[in-house]
Amino acid sequence: MILSQEEVNHIALLARLGLSNEEVERFREQLSNILENFAILQEVDTTDVPPTAQPIPLQNILRQDDVDSSLPCEEVMANAPRREGNYFRVKSVLGKS
Amino acid sequence: MDYETIIGLEIHSQLLTRSKMFCRCAADYTSASPNTHVCPICLGMPGVLPTINRKAIEYVIMTALALNCSIPEFTKFDRKNYPYPDLMKGYQISQYDFPIGVRGHVTLEMGDAKTISVTRREIRITRVHLEEDVAKLVHRDIPWGDSYSLVDVNRSGVPLMEIVTEPDMRSPEEARQLLIKLQSILRYLGVSTCNMEEGSFRCDANISIRPIGAKEGFAKAEVKNMNSFKAVFLALEYEAIRQRKVVEQGGHLIQETRGWLEEGTTVSQRSKEYAHDYRYFPEPDLPPLTINPSWVEEIRSQLPELPEIRQERLVEQYGLSFYDASILTSSKPLADYFESCMKLWQGDDQERKAKILSNWLLGDFAHLLNENNIEIDESRVTPSHLIELLKLIEEGAVSGPAAKKIIEDIFHTGKRAGDIVVQQGLTQITDASDIEVTVKQVIGNHPQAVSDFILGKQQALTFLVGQIMRMTKGRVNPKLANEVMRRELEKLC
Ligand SMILES: [Zn+2]
């Protein structure tokens, strides 16, 4: 299964990644490899296997509605690339999806 | 060609839990400074593990039951992927194919105040599911044209319940009524504050038009950015007309998202084609949930009396009209207030008393609350204050017009009606001979009105009686004042 350039560009757009032509070509090959491996899994007969959302046999792990203290603001902002007061500052993005 | 309007709604409401959906940060951020209710989980740091808030699940089950939904035994969370700065992780934890509640309905009662008639409309509920709220963006414009955004993560991770309806509404008014009804139900349940202006209750609407009798309609528009009931109504009215115009002028409707602007129009928010490629997949960090029927029944048994049931009971118990009962029960605090009052005003004649009380609650008292923008349960006029006043009216100690002044006084000062009557000398004058003095004064002061009356102008009488009421601060029974005035004037004819 070989991905097209358009498909790679579409995936890059969804992830907001800008790729050079050379990168598109490289990822096209790598992603196609991954898909081929999954194609092998697809061959397994799963007619009698119910779909599963989670491989771990856990269920109903719930927590009581209790409040705990949050992080101090300085720690929250520690990795902020840009800061204004106690806000993170980001580029304006228009046209919310 | 005649068209009908087809409307479906998606309603988001923040749940009133103490902690957030997947972490223990406090959920109520209304008075918090920015980025103070934040931890690695709601900040979306790599490697953290979310945990499910049981209360949020219970609130959604509760709501789904109140909306007559079924609760499937299996439910799970999914990741909805899209990049936007208000989404800390690059995905939102939501529910895709196995929501908590499915297939319910809400009955709308479209009341008509003039004819006091009620028409019922059933609106189907598609699903009720749980997700997390996103961070808040504050847009800033720099004078030389550039702009940027500030991110406050406090709201990120607050439990958000989404209710989706089938496209069953046929007018903007029905959409507005549905919102009012949902708000009332959610407030009765105590699961959300449902305040549209503050953003704890939000609504997106899908609207399209269809030639009457046809199976297929035209492309629908999704309208966003409406932050009041009135805005929803106006935006949908605008869209319904806009879509008709486009079709009638031979234009072509496309499926699109449109934003409501305060100026009174909707504009296309050019969404790119990849916008809805959310690539949902099961949330690997959260195990699925089995909602046991016994858990559901336990929650059902704790449901409070809901507005519809309460309305029927009020009609039955107090002989109220269906219309009055529907308004009284539309808000839980109002219905609670009514019933507290009735408890303080027992004895025979309950139906008559209920009618008097409901007239006050829906009339003069409601005016006072609206004008001052105060909720009934925050008013200084407590049920005991109001009933004391109504008893004074019943005993004939206070006239109707004086009572209106007294309730305003209680409203502003919190004094007792009995004290106000004594302090301001508002005891009703019932003796005709006491009134005659005032009547003669009024006649002496207004010769023009008197001659108008003698010449046959009936309005002059109303004016003269008004003067009596003014001079006595409304202490005279208006009917009595009218009688005495008419008698005195006729003597002059
Ligand atoms: Zn947190």
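Modeller: Let us begin with a term: a polar contact is a pair of N or O atoms within 3.5 Å, where, within protein, one must be able to donate a hydrogen and the other to accept it. This is a predicted model, and across the interface of chain B and chain A that rule finds 21 residue pairs in polar contact, both residues being at pLDDT 80 or more.

Biologist: Which elements of chain B give two or more residues to the side that touches chain A?

Modeller: They are β2 (52-53), α1 (54-66), β8 (136-141), β9 (147-152) and β16 (289-290) of chain B, and the largest share, 6 residues, comes from β9(B). By class, that side of chain B has 33 nonpolar, 11 polar and 13 charged residues.

Biologist: How many salt bridges are counted between chain B and chain A?

Modeller: The count is 0; a pair would need a side-chain nitrogen of Lys or Arg within 4 Å of a carboxyl oxygen of Asp or Glu.

Biologist: What is the extent of the contact, in residues and in buried area?

Modeller: Chain B contributes 57 residues and chain A contributes 34 residues, while the area buried between them is about 4,200 Å², of which carbon and sulfur atoms give 58%.

Biologist: Why is chain A called more spread out than a compact globule?

Modeller: The globule rule gives 13 Å for 97 residues, whereas the radius of gyration of chain A is 22 Å, well over that value, so chain A is more spread out than a compact globule. Its C-alpha atoms fill a box of roughly 55 × 45 × 25 Å along the principal axes, and chain A has 3 helices and 3 strands, which follow the pattern α-α-β-α-β-β along the sequence.

Biologist: What makes β5 and β15 of chain B edge strands?

Modeller: Each of them pairs on one side only, in an open sheet of 3 strands with the order β5-β4-β15 and antiparallel pairing. Strand β4 (residues 78-81) of chain B pairs with β5(B) over 4 bridges, and B:Asn81 stands opposite B:Tyr91 in β5(B).

Notes
Residues are numbered from 1 along each chain as its sequence is written. Chains are lettered from A and ligands numbered from 1 in the order in which they are written. This is a predicted model: local features need pLDDT of at least 70, side-chain atom pairs count only at pLDDT 80 or more; totals for chains, interfaces and linings use all residues. Side-chain values use heavy atoms; hydrogens and water are left out. Contact means heavy atoms within 4.5 Å. Buried area is the accessible area (1.4 Å probe) that two parts lose on being put together, summed over both. A polar contact is a pair of N or O atoms within 3.5 Å; within protein, one must be able to donate a hydrogen and the other to accept it, and residues adjacent in sequence count only if both atoms are side-chain atoms. Ala, Val, Leu, Ile, Met, Phe, Trp, Tyr, Cys and Pro count as nonpolar, Asp, Glu, Lys and Arg as charged, and the others, Gly among them, as polar. The radius of gyration is taken over C-alpha atoms; the globule rule is 2.2 Å times the number of residues to the power 0.38. Two strands pair if DSSP finds at least two bridges between them.
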